[in-house]
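Colleague: Can you walk me through this one? I'd like to start with the ligand.

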Amino acid sequence: MNDNVVYIQDIAAHNGELVTIRGWVHNKRTGGKIQFIIVRDGTGYIQAVVVKRCVSAEILEAADSLTHESSIEVTGRVRADERAPSGYELDLTDLKIHQVVVTEEPFPITPKEHGIEFLMDQRHLWIRSTRQRAILKIRHEIIKAVRDFLDEDGFTLCDAPILSANTCEGTTTPFKVNYFNERAFLTQSGQLYNEATAAALGKVYCFGPTFRAEKSKTRRHLTEFWMVEPEVAYATVEDTMDLAERMITFVVWRVIERRSTELKALERDLSRLEKIATPFPRISYDEAIDILKKHGSEIQWGGDFGGADETIISMEFDRPVMVHRHPVGIKAFYMDPDPTRFEVSLSVDVLAPEGYGEIVGGGQRISSYDLLVERFKEHVLPQPLFQWYLDLRKFGSVPHSGFGAGIERLVTWICGLEHVRETIAFPRMLYRLTP
Ligand code: 4AD
Ligand code: MG
């Protein structure tokens with residue numbers, strides 16, 4: 001063969017050269033004296049052109065035998081061609097087959113419509129499709145953008161444990177684990193640990209998988225999802241809103257700039273994303289209730305928003321909206337109450353535009369030792385397990401705030417997807433633990 005092995009994404013730098021591409025057959029067409037093999041290598045697609053009179057009988061026979069997803073190495077000369085989607089084609093001179101997918105058991109994912117359950121069962125193969133690849137590329141870009149943003153803003157990555165003796169978001173939804181005959185939980189959020197590391201390092205974030213055993217079947221819930229959680233000492237809820245809008249705007253624009261090909265493949269309406277700019281509108285929970293009532297909702301003050309409510313609120317704005325100061329009763333135990341209005345908390349949720357729902361939840365944490373102890377009692381939480389967390393209110397307690405942004409929710413919104421299940425390679429949901 002030829003040792004000039006290249007990736008399709010770098011093909012422009014090799015115009016006129018003899019190169020080898022290692023990949024899979026995405027598609028094949030025959031047109032009399034010519035065959036076209038569309039090869040994908042994970043970084044892109046290129047059409048290899050087989051001209052019958054220019055190659056040997058063996059190569060022709062090999063090309064004839066190829067089926068969808070057969071693995072091959074193709075060698076050929078790169079030729080710029082305006083009509084080609086990637087701008088280049090390959091005039092094939094040699095072909096090496098690794099495996100031909102046999103026609104008795106063809107690749108199960110075909111261009112025809114498949115039901116979603118079938119596709120989810122074939123997820124390990126489905127991810128090879130153009131659309132799924134585009135989503136996973138954008139997911140990667142979003143994660144990279146989040147990290148770049150926080151790192152450049154002076155944050156220190158300080159990951160929280162996944163196994164923990166205490167829970168963060170209440171006692172109803174953790175997955176329980178047997179930890180050497182002691183009860184442990186899979187983390188629902190790294191926040192409590194972030195509060196400790198923020199007092200050590202100032203501005204920190206954790207970024208990892210989090211787990212929720214809530215039995216929701218909505219299009220927004222996974223049982224395992226990735227969350228980035230920044231936490232800042234001395235920050236107020238208003239500072240947290242500033243941080244959230246800056247981070248979200250940075251991420252959206254990074255994807256627009258670097259992943260336009262993938263956004264186009266997903267037919268995402270770019271004009272909607274291009275509206276994203278700071279400042280985001282900020283409304284209180286009370287104002288959100290007024291919006292809902294104006295639209296005929298029967299929600300009462302004190303109630304939590306459902307998915308439909310979030311959609312109504314977000315439709316009033318062309319960019320993410322920050323809803324702050326929710327009633328204490330619908331928020332977690334650690335939320336600091338507003339000192340001027342004790343019945344509301346210094347919380348904030350960011351709702352994505354176009355009805356994509358909550359993408360960020362956060363707020364200011366209780367810094368008073370006594371109030372926290374009171375909350376443990378109200379929420380019937382085992383105080384001894386949280387003693388370390390209470391210590392933070394004993395040794396140099398300060399106001400501090402932060403938030404958690406769900407990566408899969410961000411991907412759903414930015415890609416414009418119906419359902420969160422396509423935003424991660426192998427989603428975990430109420431009825432799905434395989435593949
Ligand atoms: O609003 P949540 O529950 O907030 C917390 O866990 C805080 N302790 C975070 C913090 O302040 N450090 O979750 C935060 C975000 C949500 O806004 C949503 O984007 C995402 O995590 N999320 C989920 N994503 C997918 N599936 C689920 N079941 C999710 N639950 C929350
Ligand atoms: Mg929330």
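Colleague: How do the residues of the shell around ligand 1 divide into nonpolar, polar and charged?

Modeller: Seven are nonpolar, eight polar and eight charged. Ala, Val, Leu, Ile, Met, Phe, Trp, Tyr, Cys and Pro count as nonpolar, Asp, Glu, Lys and Arg as charged, and the others, Gly among them, as polar. This is a predicted model: local features need pLDDT of at least 70, side-chain atom pairs count only at pLDDT 80 or more, and totals for chains, interfaces and linings use all residues. Residues are numbered from 1 along each chain as its sequence is written, ligands are numbered from 1 in the order in which they are written, and side-chain values use heavy atoms, leaving out hydrogens and water.

Colleague: Which residues are the closest to ligand 1?

Modeller: E169, Q191, R212, E229 and E358, out of 23 that surround ligand 1 (a heavy atom within 4 Å).

Colleague: Which element gives the largest share of the shell?

Modeller: β17, with five residues. Strands here are DSSP runs (E, at least two residues).

Colleague: What lies 2.9 Å from a nitrogen atom of ligand 1?

Modeller: A polar side-chain atom of S189. That is a polar contact (N or O atoms within 3.5 Å). For L222, a backbone N or O atom lies 3.0 Å from a ligand 1 nitrogen.

Colleague: New topic. How many aromatic pairs are there?

Modeller: A search of the whole structure finds twelve (Phe, Tyr or Trp rings, the six-membered one for Trp, with centres within 6.5 Å).

Colleague: Why is the pair of F149 and F250 called tilted?

Modeller: Their planes are at 50°, so the pair is tilted, with centres 5.5 Å apart. Under 30 degrees counts as stacked, over 60 as edge-to-face and the rest as tilted.

Key: A polar contact is a pair of N or O atoms within 3.5 Å; within protein, one must be able to donate a hydrogen and the other to accept it, and residues adjacent in sequence count only if both atoms are side-chain atoms. Helices (H or I, at least four residues) and strands (E, at least two) are DSSP runs, numbered from the N terminus.
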